[in-house]
Amino acid sequence: MSDTVLSLDAVEKVFPNGVRGLAPVDLTVRAGEFVSLIGPSGCGKSTLLKLIANLHGPSAGSLRWWGSDFRGVGQKGRRLAFVFQDATLMPWANVGRNVRLPLDLMGVDRASGDARARTALARVGLGHAAERYPAQLSGGMRMRVSIARALVTEPDLLLMDEPFGALDEFTRNRLDEEMARLCYQDGLTTLFVTHALHEAAFLSSNVMVMAAHPGRIHARYAIDRTIVRDEAFRLSERFAEISRELAVLLEAASHESHLAAEMQT
Ligand SMILES: Nc1ncnc2c1ncn2[C@@H]1O[C@H](COP(=O)(O)OP(=O)(O)OP(=O)(O)O)[C@@H](O)[C@H]1O
């Protein structure tokens, strides 16, 4: 069986007002990959995530899940989870119950749900916090709970939309290291939207640099999966080199996007 979890083949999105949110996009996400999307505002990152989440349909092209057309697989057939910038926890419920929520909705019995929630919390270093309430947690801890809630369903693909954008740099770096461990050691497959070039450089096995007007993939940049993503990597010359190369690609994508916008006006 192929290890391709998700593939997009010439996917386009034209909105009812005629705006081309996405020009034909080809994208493949293989099991165990960490793929980041970066690019200037309006390059179609959210549109791409919404297509994958099935919140809207493509105008052309096809999306495949483990090789099968999205329409045939259906919403329930796709083990997909999301993490957004806002952790959106239920303030009246403790952490364990917040993490158990997706399992409750799936009808999993309480004892197994609790056990799975504890396992998911342990994976993000919060095994001790199941009884606490969201108001008693720091921003970083709330985000870890949100990640645990996504992991509890054991998704084939985790979609993350700017998850750490509102956190301070220290907390963000720790969470990036956590995500790297979940991906490169535990095999979690992730598609990650970020505005932070250094975050993409630190985390990704593949970076899609996108351009706007219309939204499209301007460049693809692969990073050696065997690199250990830790503090030493962050301080290394290799990390600086990756960041520089990505900055050049991003600058070119932004420049092209400006030119395209000017030509449209
Ligand atoms: N519902 C919609 N109707 C019309 N145009 C839309 C709609 N949603 C997005 N667009 C347009 O599609 C393009 C891509 O938008 P999208 O929100 O996907 O970009 P983005 O990369 O996520 O931007 P940002 O980084 O600012 O969040 C933009 O030109 C946007 O104005």
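Trainee: At what angle do the axes of α5 and α6 cross?
Mentor: Roughly 25° in this predicted model. Helix α5 covers residues 139-151 and helix α6 covers residues 169-184. Their axes come within 10 Å.

Trainee: What does that make α5 relative to α6, parallel or antiparallel?
Mentor: Roughly parallel, because angles under 35 degrees count that way.

Trainee: And the crossing of α5 and α6, left-handed or right-handed?
Mentor: Right-handed.

Trainee: Which residues meet there, in α5 and α6?
Mentor: From α5, look at Gly139, Gly140 and Met143. From α6, look at Thr171, Arg174 and Leu175.

Trainee: How many are nonpolar, polar and charged in that contact of α5 with α6?
Mentor: The contact has 2 nonpolar, 3 polar and 1 charged residues.

Trainee: New topic, the sheet. What order do the strands have?
Mentor: The order is β6-β7-β8-β3-β9-β10. That is an open sheet of 6 strands, with mixed pairing.

Trainee: Which strands stand at the edges?
Mentor: β6 (80-84) and β10 (216-222). Each has a single partner strand, so one side of each is left without a neighbour in the sheet.

Trainee: How are neighbouring strands turned against each other?
Mentor: By 20° on average, direction ignored.

Trainee: How many bridges join β3 to β8?
Mentor: There are 4. β3 is residues 34-38, β8 is residues 190-193, and the two run parallel.

Trainee: What stands opposite Val35?
Mentor: Leu191, in β8.

Trainee: Which strands does helix α1 touch?
Mentor: Helix α1 (residues 45-52) packs on the sheet and touches β3, β7, β8 and β9. Its direction makes about 150° with that of β7.

How values were computed:
Residues numbered from 1 in each chain as written. Predicted model: local features only at pLDDT ≥ 70, side-chain atom pairs only at ≥ 80, totals over all residues. Pairing = 2+ DSSP bridges. Axes fitted to C-alpha atoms, helices over the stretch in contact; angles between N-to-C directions. Contact = placed C-beta atoms within 7 Å. Parallel < 35°, antiparallel > 145°, perpendicular 65-115°, else oblique. Left-handed = near helix turned anticlockwise from the far one by under 90°. Nonpolar A, V, L, I, M, F, W, Y, C, P; charged D, E, K, R; others polar.
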